[in-house]
Amino acid sequence: MNYVIIVAGGKGMRMGGDIPKQFLPIGGRPVLMRTMERFKAYDETIEIILVLPESQQTYWQELCKKYDFHIAHQIANGGETRFQSSKNGLSLIPNDAVGVVGFHDGVRPFVAIDTIARCYEAALVRGAAIPVMPVTDSLRLVAADGTSKNVLRSSYRAIQTPQVFNIALAQKAFSQDEWEAFTDDASVVEQLGAYIEMVDGNRENIKLTTPFDLQIAATILT
């Protein structure tokens, strides 16, 4: 069985508006609906768990009615951190479930179906898979004293979502205590010593964070 936990706990402060970024319309539909539709397009039977702050859940239900949105999903409460939100979503999956679970940013509505497929297929074989992109900008490593030095960008990759794992592995990983080094879901799983398979992401799979990102989203849609 395939599961996906779509984490949408952002308050949208960097967007500069009152509406959380996951609810902003792009091309006439809220971002979050477009994100969920990508996973249903990949697998019609996928089980979707949406993680939202309690304060936003009534508004989401109103949006579903307004846009006649009927993709089935469960809702988990968002936490104070990404770790807590992901863990809350994972708690809705039965302990004896077999298969893989993806963790995806709710504000990445342009993930390619091919990218989703690569992640899920690789996780079935290797246990853990994440989509990555090559770094195109030059990079410098900044030390604590403010000095910096050039580093080889070929040694680095930009990380996207969905990050997909064997369900039992994910459940074990999120039973750990939270640690500040957990910057994403893969870092939680990696703490167990698990190998993380990298697969190709897609350039359009951007995270909508700023007003400029919305301009890019409009361009992608057209």
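Select Phe83, Phe103, Phe165, Phe174, Trp179 and Phe182 together, and you have one aromatic cluster, built from rings of Phe, Tyr and Trp (its six-membered ring) that pair if their centres lie within 6.5 Å. This is a predicted model, in which local features need pLDDT of at least 70 and side-chain atom pairs count only at pLDDT 80 or more, while totals for chains, interfaces and linings use all residues. Residues are numbered from 1 along each chain as its sequence is written, and side-chain values use heavy atoms, with hydrogens and water left out.

Next, widen the view to the whole structure, where a search finds nine aromatic pairs. Pick Tyr42 and Tyr120, whose ring centres lie 5.4 Å apart with planes at 40 degrees, so the pair is tilted (planes under 30 degrees apart count as stacked, over 60 as edge-to-face and the rest as tilted). This pair links distant parts of the chain, since Tyr42 sits in helix α1 (residues 31-42) and Tyr120 in helix α4 (residues 113-126), 78 residues apart; helices are DSSP runs of H or I with at least four residues, numbered from the N terminus. Colour by accessibility and Tyr120 counts as buried at 1% relative accessibility, whereas Tyr42 is partly exposed at 23% (buried means under 20% relative accessible area, exposed over 50%, partly exposed in between, with a 1.4 Å probe and protein chains only).

Terms used: Helices (H or I, at least four residues) and strands (E, at least two) are DSSP runs, numbered from the N terminus.
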